[in-house]
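Please report on the local structure of this protein. Cover the sheet, a helix residue and the nonpolar core.

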Amino acid sequence: MDELTAQALRDFTTRYCDAWHEKHHSWPLSEELYGVPSPCIISTTSDAVYWQPQPFVGEQNLAAVERAFDIVLQPTIQTFYTTQFAGDMHAQFAEHTLTLLQTWSEDDFRRVQENLIGHLVTQKRLKLSPTLFIATLENELDVISLCNLSGEVCKETLGTRNRQVLAPSLAEFLKQLNPLL
């Protein structure tokens, strides 16, 4: 496990939860995750769940993705998806408003791996270098992803070669995120 990335993710999650506590006097609340089982759920309302991050359990790697493409993934992406279970978190990076993707449960982790495989299939078909998404943006065609070749974090337009480097590493990217409630 890449400890710099794990610590940067835990630090951002703490900043996010602390900001939520300060504004709402509770743990983060999600309507999108209502009805979806998770070890993160601490209470439920009639249409939402309150959650707090929990340690990741299960196999701490993206082996299914690596096997599907016979590639080795950047250790930082493995760490990003296997450090914790948590709800997705809204954040600001420079001028970019984003939703940082997280795994919600063991079942969700399998779904994330399937989505990463689908993303890589499309990139291979279009002869694009491999990236692995970590966040969504307001424009559904744009995502924040990790370049599997360089380890840089980029903003990319799906299905194109349009990529803009945002940070030299995932840890640096996470350190620069600001919670957005």
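The report below takes the sheet, then the helix residue, then the core.

This is a predicted model: local features need pLDDT of at least 70, side-chain atom pairs count only at pLDDT 80 or more, and totals for chains, interfaces and linings use all residues. Residues are numbered from 1 along each chain as its sequence is written, and side-chain values use heavy atoms, without hydrogens and water.

**Sheet.** Three strands, in the order β1-β3-β2, form an open sheet with antiparallel pairing. β1 and β2 are edge strands with a single partner each, so one side of each has no neighbour in the sheet. Strands are DSSP runs of E, at least two residues; helices are runs of H or I, at least four. Pairing takes at least two DSSP bridges. β2 and β3 are joined by 3 bridges. Ser-43 stands opposite Tyr-50 in β3.

| β1 | 29–30 |
| β2 | 41–44 |

**Gln-78.** Helix α3 (residues 75–82) holds Gln-78. Gln-78 counts as buried because its relative accessibility is 11%; the cut-off for buried is under 20%, with exposed over 50% and partly exposed in between (1.4 Å probe, protein chains only). Beyond four places in sequence, Gln-78 is in contact (heavy atoms within 4.5 Å) with Asn-61, Leu-62, Glu-66 and Leu-73.

**Core.** A nonpolar core is a set of buried Ala, Val, Leu, Ile, Met, Phe, Trp, Tyr and Cys residues joined through side-chain atoms within 4.5 Å. The largest has 46 residues, and Tyr-81, Leu-98, Leu-100 and Phe-173 have the most contacts inside it. Leaving out residues up to four places away in sequence, Leu-100 touches residues including Leu-9, Phe-80, Ile-134 and Phe-173.
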